[in-house]
Amino acid sequence: MKKRWIPRAMRIAPSLDRHQPSHPPSDRHALLINPFYPKDPHASFGKHVLTPSLALTSVAAATPKHWDVTYWDENLLQGPPPHDPMPAVVGITVHLTFANRAYELARWYRERGAVVVLGGLHVISCPDEAAPHADALAIGDGVTVWGRILCDFENGCMQDVYRADFRRPYRDDPAPRRDLLDRGAFLTTSSLIATRGCHNRCGFCYLSTKGLHMPYLMRDVDQIAAEFLEDGQPYAVFTDNNLGSKPEYLRQLCRALRPLEKIWSAAVSIDVTDDPSLVREMALAGCTGVFIGFESLQNDNIAEANKKSPRTDDYARRVGLLHRYGIQVNGSFVLGFDHDREDVFESTIQWVEDNRLECATFHIMTPYPGTPLFRQMESEGRLLHRDWSKYDTAHVVFKPKHLTAQQLATGYAKCYQRLFSHRSIWRRRPKDWRAVPAYLAMSYLYKRSNWLWHLLIKFRLTATVWRPLVELTRRRHVKFRRRLERETDPIETDPFAIDALDPAPPRRGSSVVSAGV
C-alpha cells in the first residue's frame, strides 16, 4: 500500500541545541512541557489542536502564587521549549509513546541546571524506567503534589518520589490555567472535565493499569457551567473517559449547560441510549457529537475485554436514536482482538457505512504496560518488542491470534483509506439533506485536509479559520434545539418506537467538528 506523505514537522521532534550555553536558573520560575509525539498519517492532524491537554494546565493551577509558570506544547510546531529565562523547575508529562522524547528533554534541562520532575501515566506504570531521567517523580494526582514539590524545592528538601492518590474530592481541584494557552492555536480552549474514572475496566484500557486506582468522582455541575461560560468559547470538548457513567449526573449537567446556548461533544458509552429522554436532554443542552468506544462488533471480544456493554446486534438501533436527536457519532473500533479474523476489516467498515456514522476512529490492539492485556501477552510470549514509541495504536506490537502482523497493519490502513474515500464519505451522509453541507465540511476540511492542518498549526491560524465555522454551527444548533423543544417525541417514552418511525428526523442538527477525536 502506498505510504502516506507526512510533513517532517509532524513526525520528527524539534532539535535541541546541544551547544546552547546554560544560564543560571530563574528563581521561582516553573516550566510545564507536553512533549512532541509523531502523528499518525492515517488520522486527522486536526485532533492534535482540537483542544489543549487538561493535565498540565490543571497542574499549573496548583502552582503557588509567588511562582511564575509557563506552559509549552511541542505539538503546536513552534519549536523546542523555551530556555530564556532558564526555569528552576521543569515538569514534563510522560506517555509511553513519547517517553524517549520526554527523557531527552529532561536530560537537556538537567544538564543546564534545572530540576526536572516527571509525571504522567507512564511514570505510574514504569517508575523504575523513568527514575534515572528525573530529579523527582510525581506518581498519581499531579495537582495534589505539585505545590508540595515546589515548596520542598525552595526549602532544599526535595524527595525522590511524591505520591498522591485520586481520592480527594474532585470539586476541590482548581480550575485549569487557560490563561497560559495560546488561544489562537486551538480550535477551542474549552476542554472541560466533569468526572474522573469510568464504570468499565476494560483489560486493554490504561485505566486498568496496575497501580492506578481512580475512583469515579464528579465535580459540581455549576462549576463546569461556570468554567465553560468564563472561557468565552462557543464549543467545548469534554475529555472525561465516560461522561455518561452516571446517567443522573449527566442529566443534571445537561440542565446546567442548557441555558448557556453553547455546543459541546463528549465521550460516552453506548449504554447512554438506555434512556432516550437522557439523549434528548443532551441534544437540548447543546451536544452535537459523541465519541463511543464500540471496540468490536463481536460479543465474544467485548466479553473477554471485561467491558460492560449492550449486545452488539443492538448497536445500530442505538446509533439511530442518537442520530434522531441530531447527535453525530464518532465510533471507536479496536482491531486485532483474539476473535478477529481477516473479515473483521470489511465487516467493521461496512457497518460504519450502513449506519451512517459521521466518523470512525480505528486502533490496533495495543497492550499498554501495566494492564491485564500486557501481562497476558507477556505471559503468552506474544509481545514483539518494547519500543514504546510504537505503542501508539497505529503499529502492531504483538502477535495476533488469527491474523499475521502484516494482515493487521494492512487492514488497519485500509479501514482509514476507505473511511476517508469520497465514496464512503458520500455513503455516510445524513439522510436529512439540510445536515449534509456541515457534514461534508467536517469530512473534507477536518478529516481530509492534513496538508492544510499542518499549515494552520504552524502559522497559528487554527482559531482564525475554524471558529467562524464553529460559531455558525452553534447558531444553527440553537435553532434546532428550539424546534426540538416544541416537538412531542414518542421515542422519549418508548425506546423501541424508533423502529416504526422514519429514521430521518424532521429536522437534523449538524456540526463541522468531529466528536471527541
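Which residues have the most contacts inside the largest nonpolar core? They are Phe238, Trp264, Phe294 and Phe362, and the core they sit in has 76 residues. Helix α8 (residues 247–257) gives the largest share of this core, six residues. Apart from that core lies another one, of 44 residues, with Ile6, Trp146, Leu187 and Ile263 among them. In soluble globular proteins, nonpolar side chains tend to be buried together. Keep in mind while you look around that this is a predicted model.

**The whole protein**

Let's step back for a moment. The protein has 18 helices and 14 strands. Its radius of gyration is 23 Å, close to the 24 Å that the globule rule gives for 517 residues, so the protein is as compact as a globular protein of that length. If you follow the C-alpha trace along its principal axes, it spans about 70 × 50 × 40 Å. Of the 517 residues, 59% count as buried. The accessible surface comes to about 21300 Å², and carbon and sulfur atoms account for 52% of it. Take the contacts between residues at least 6 apart in sequence: 76% of these join residues at least 24 apart.

**Rings meeting rings**

Now for the aromatic side chains. The count of aromatic pairs comes to 16. Two of them are set out here.

| Pair | Arrangement | Centre to centre | Angle between planes |
|---|---|---|---|
| Phe294 and Tyr315 | tilted | 5.1 Å | 55° |
| Trp388 and Tyr391 | edge-to-face | 5.0 Å | 80° |

The Phe294 and Tyr315 pair links distant parts of the chain: Phe294 belongs to strand β12 (residues 287–295) and Tyr315 to helix α11 (residues 315–324), 21 residues apart. Phe294 counts as buried because its relative accessibility is 0%, and Tyr315 is buried at 0% too. In the other pair, Trp388 is buried with a relative accessible area of 11%, while Tyr391 is buried at 0%.

Phe294 and Tyr315 also belong to one aromatic cluster, together with Phe333, Trp351, Phe362, Tyr412, Tyr416 and Phe420. Leaving aside neighbours within four places in sequence, Phe362 is in contact with Phe333, Leu335, Thr348, Ile349, Tyr412, Cys415, Tyr416 and Leu419.

**A lysine over two rings**

Head over to Lys39 next. Its charged end sits over the ring of Phe36, 4.1 Å from the centre. The charged end of Lys39 also sits over the ring of Tyr37, at 4.3 Å from that ring's centre.

Phe36 turns up again among the contacts of Glu74. Is Glu74 buried or exposed? Glu74 is buried, because its relative accessible area is 1% and the cut-off for buried is under 20%. You'll find Glu74 in the loop between β2 (68–73) and β3 (87–93).

**A histidine in a strand**

One last stop is His29, which lies in strand β1 (residues 26–34). With 10% relative accessibility, His29 counts as buried. What does His29 touch, not counting residues up to four places away in sequence? The list is Trp67, Asp68, Thr70, Pro85, Pro87, Ala88 and Val89. His29 and Val89 are 60 residues apart in sequence, yet C-alpha to C-alpha they are 6.8 Å apart in space.

Methods. Residues are numbered from 1 along each chain as its sequence is written. Side-chain values use heavy atoms; hydrogens and water are left out. A nonpolar core is a set of buried Ala, Val, Leu, Ile, Met, Phe, Trp, Tyr and Cys residues joined through side-chain atoms within 4.5 Å. Buried means under 20% relative accessible area, exposed over 50%, partly exposed in between (1.4 Å probe, protein chains only). Helices (H or I, at least four residues) and strands (E, at least two) are DSSP runs, numbered from the N terminus. Contact means heavy atoms within 4.5 Å. Rings of Phe, Tyr and Trp (its six-membered ring) pair if their centres lie within 6.5 Å; planes under 30 degrees apart count as stacked, over 60 as edge-to-face and the rest as tilted. A charge sits over a ring if NZ of Lys or CZ of Arg is within 6 Å of the ring centre and within 35 degrees of the ring normal. The radius of gyration is taken over C-alpha atoms; the globule rule is 2.2 Å times the number of residues to the power 0.38. Accessible areas come from the Shrake-Rupley method with a 1.4 Å probe; for residues, only the protein chains shown count as cover.
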